[in-house]
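These are my notebook entries on one protein model. I set down what I looked up, in the order in which I looked.

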Amino acid sequence: MTRTDRQRWLLPSHLAEPGGTGAARPRRTLRDWIVDTTLFLLAAFVGLLAADTSAQYTSETVTLVDQLAGAVACCALWLRRRWPVGLAVALSLANVVAPVAAGALLASLFSVAVRRPFREIAWIGALAVATSAAQVFVRPDPTTNAGLSVALGFVLILLVTAWGMLVRSRRQLVEALRERARRAEAEAELRAAQAQRLAREAIAREMHDVLAHRLTLLSVHAGALEFRPDAPPEQIARAAGVIRDSAHEALQDLREIIGVLRAPGENGDGDRPQPTLATLGALVDESREAGAKVVLDSTVDDPAAVPAATGRTVYRIAQEALTNARKHAPGTTVTVTVRGRPGEGLTVDIHNPAPAGPVPHVPGSGQGLIGLTERATLAGGRLEHGPAPDGGFALHAWLPWPE
């Protein structure tokens, strides 16, 4: 049970019940019962005082009728939550001939001020003032000045109405704060859902960029073993070694990516470092060992000086480009050119000529290039790709390298 549930009895019924503002009438809380009982007792006390006063100068029959009218008026207060306006009008009219209904009238006016807008409060309050003034002349009290009685009735009605309007404004403020809190919670949940979705998309892109390269190596060498079962044992052993190493590297990359989903502190100290521009040469050597023809032309004297985020983006771009070249242009020579220096940015140009023969279509192509474009944009750079003039494929990327 939450703190709000435990303290629900302290709130009015329309604030305690979640559906209290709907068509169904909310049930009274313990606070409502206390308030209703208190108002009933106060109205009965005021009615008894008025009946005792009027009994001094009226007959026993009139006194008995006043007492019955006061009892009915006080009992009618239990309906003030359901019919506040009708009850206030009825008690205002009854107050003209029955002074004992004055206490019940004040309680009903308080209910109207709490539950109705100012336009209704104004005319009902004016009616109550008029009937209260008329009661002074219909049932005059010889022991009290008429002007003083009219003024006292006006002041009491004004005070009760003002008190009810103050309670209404406070309840409206509470409702506004609760609505604002609900909106804030909904917005927070929406932002959390959006952040989770973006994180999942980032992980999916990272998994594609990393695993596509490894799985392509597995596919190439597994296909070679399938179509060349009579290859020399040395080539079979080398292909098997590449498959084993690629599978091991793919598992390591996958474990590294999934590690971001773990709670802080769960990752061990043996996590591999993120790739940078300094590891681009190792990527090229790995592709060469797999049988690809790759030429690396880099004029960056100190690759370690390149910002880590920029170097990692260059690495992923080259990795995806080499993967695409193996899938769509096998047997061609891929040229990777890296230029740049601090203050001017870093440019990456990757080109491969058209394949010598027909190449079967690979399902799902193009998704990696979309992810690379988004990655370059998030890094503050840009990426362009498309067919080259010689019929091959070219990719150009520029990434910022601040001084």
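Entry on Arg81. I located Arg81 in the loop between helix H4 (60-76) and H5; helices are DSSP runs of H or I with at least four residues, strands are runs of E with at least two, and both are numbered from the N terminus. The model is a predicted one, in which local features need pLDDT of at least 70, side-chain atom pairs count only at pLDDT 80 or more, and totals for chains, interfaces and linings use all residues. Residues are numbered from 1 along each chain as its sequence is written, and side-chain values use heavy atoms, with hydrogens and water left out.

Is Arg81 buried or exposed? Arg81 has a relative accessible area of 15% and therefore counts as buried (buried is under 20%, exposed over 50%, partly exposed in between, with a 1.4 Å probe and protein chains only). I listed its contacts, defined as heavy atoms within 4.5 Å: leaving out residues up to four places away in sequence, Arg81 touches Arg28, Asp32, Val35, Asp36 and Arg115. Arg115 is 34 residues from Arg81 along the chain, and their C-alpha atoms are separated by 8.5 Å.

Entry on Ser92. Ser92 belongs to helix H5 (residues 84-94) and is buried, at a relative accessible area of 0%. Beyond residues up to four places away in sequence, I found Ser92 touching Leu105, Leu127, Ala128 and Thr131. Between Ser92 and Ala128 I noted 5.2 Å, C-alpha to C-alpha, at 36 residues apart in sequence.

Entry on the record. An unreviewed UniProt entry lists residues 33-51, 87-114, 121-138 and 144-166 as "transmembrane region"; UniProt positions are in the numbering used here, feature names are shortened, and annotations may be inferred rather than shown by experiment. I checked two of these spans in the model. Residues 87-114 are 75% helix and 0% strand, with end C-alpha atoms 14 Å apart. Residues 144-166 are 91% helix and 0% strand, and their end C-alpha atoms lie 32 Å apart.

Entry on the largest pocket. A pocket is an open set of points on a 1 Å grid over the protein atoms alone, where a 1.4 Å probe fits, with protein on both sides within 12 Å along at least five of seven lines; lining residues have an atom within 4 Å of a point. The largest pocket holds about 720 Å³ of space. Its lining has 27 residues, and Ala50, Pro99, Ala102, Gln135 and Leu152 are the closest to its centre. Which helix gives the most to this lining? It is H8, with seven residues.

Entry on the cores. I took a nonpolar core as a set of buried Ala, Val, Leu, Ile, Met, Phe, Trp, Tyr and Cys residues joined through side-chain atoms within 4.5 Å. The largest has 28 residues, of which Leu277, Leu346 and Ile350 touch the most other members. Among the elements that give two or more residues to this core are helix H10 (280-289), helix H11 (308-328) and strand E3 (345-352). H11 supplies the largest share, seven residues. A second, separate core has 25 residues, including Ala73, Ala76, Leu87 and Val114.

Entry on Ser287. Ser287 sits in helix H10 and is buried, with a relative accessible area of 0%. Ser287 and Gln319 lie 9.3 Å apart, C-alpha to C-alpha, and 32 residues apart in sequence.

Entry on the whole protein. I recorded twelve helices and five strands. Of its 403 residues, 35% count as buried.

Notes:
Grid points are joined across faces, edges and corners, and a volume is the space filled by probe spheres set on the points.
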